[in-house]
Each structure stands twice: as C-alpha cells, then as structure tokens.
Amino acid sequence: MAVKKGDSVRAIASMLANSLEAKASDARFPKYLFETKGEVLDLRGDYALVKFGQVPTPNVWLRIDQLEGT
C-alpha cells in the first residue's frame, strides 16, 4: 500500500501481534488503533506517524505494512 501524508488509515491487528513494536512496549494495543480512522501526519522510511481519533490520544509511529486505508 502506498501511503502519503493526509491519508486515512487504520492499524491491522494481525500485523501488530508479535511485532517488534509489540515486544518493545505493552502488547495490549488500545482499541482505537483498530476501530477509528487515523490520519498520516509524517513519513520516515518504512514508518508513518499517525494521529488517531477525535479525542486526545498520543500520535504513534507504525510501519506502513501495519496500516490499511479506510
């Protein structure tokens, strides 16, 4: 999937399970990553900085292959 700034995305649960990102922190990801639309704010290499939801939540860096368009 080609991702660019401003795209609407959602995290893919199966791609996050047992990933390096899951092993580096709490593997219990919040539901909003999978249930709400996120907006790509920035891109660096294989990673995208994504802002999720309408409520204040931290922005998160995820690998592009862990995202799907909405």
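Guide: We begin with confidence, as this is a predicted model. The predictor's confidence in each residue is given as pLDDT, from 0 to 100. In the protein chain, strand 2 (residues 38–44) has the highest confidence, at 96, whereas helix 2 (residues 20–24) has the lowest, at a mean of 78.

Visitor: What is the mean pLDDT of the protein chain?

Guide: The mean is 88, and 97% of the residues reach 70 or more.

Visitor: How many helices and strands does the protein chain have, and which pattern do they follow?

Guide: The protein chain has three helices and five strands. Along the sequence, their pattern is β-α-α-α-β-β-β-β. The radius of gyration is 11 Å, close to the 11 Å that the globule rule gives for 70 residues, so the protein chain is as compact as a globular protein of that length. Taken along the principal axes, the C-alpha atoms fill a box of roughly 30 × 30 × 20 Å.

Visitor: What percentage of the residues of the protein chain count as buried?

Guide: A residue is called buried when its relative accessible area is under 20%, and exposed when that area is over 50%. Of the 70 residues in the protein chain, 30% count as buried.

Visitor: Is Ala48 buried or exposed?

Guide: Ala48, which lies in strand 3 (residues 47–52), has a relative accessible area of 0%, and so it is buried. Its contacts beyond four places in sequence include Val40, Asp42, Leu43, Val60 and Trp61. Leu62, Ile64 and Leu67 are also in contact with Ala48.

Visitor: Which residues does Val50 touch, leaving aside those up to four places away in sequence?

Guide: Val50 is also placed in strand 3, and its relative accessible area of 0% makes it buried. Val50 touches Val9, Gly38, Glu39, Asn59, Val60 and Leu67. Val50 and Leu67 are 17 residues apart along the chain, and their C-alpha atoms are separated by 9.7 Å.

Visitor: Is Tyr47 buried, exposed or partly exposed?

Guide: Between the two cut-offs a residue is called partly exposed. Tyr47, in strand 3, has 27% relative accessibility and therefore counts as partly exposed. Leaving aside neighbours within four places in sequence, Tyr47 is in contact with Glu21, Asp42, Trp61, Leu62, Arg63 and Ile64.

Visitor: Where is Asn18, and is Asn18 buried or exposed?

Guide: Asn18 is in the loop between helix 1 (13–16) and helix 2. With a relative accessible area of 66%, Asn18 is exposed.

Visitor: What share of the contacts joins residues at least 24 apart in sequence?

Guide: Among contacts between residues at least 6 apart in sequence, 53% join residues at least 24 apart. The contact between Tyr47 and Glu21 brings together strand 3 and helix 2.

Terms used
Residues are numbered from 1 along each chain as its sequence is written. This is a predicted model: local features need pLDDT of at least 70, side-chain atom pairs count only at pLDDT 80 or more; totals for chains, interfaces and linings use all residues. Side-chain values use heavy atoms; hydrogens and water are left out. Helices (H or I, at least four residues) and strands (E, at least two) are DSSP runs, numbered from the N terminus. The radius of gyration is taken over C-alpha atoms; the globule rule is 2.2 Å times the number of residues to the power 0.38. Buried means under 20% relative accessible area, exposed over 50%, partly exposed in between (1.4 Å probe, protein chains only). Contact means heavy atoms within 4.5 Å.
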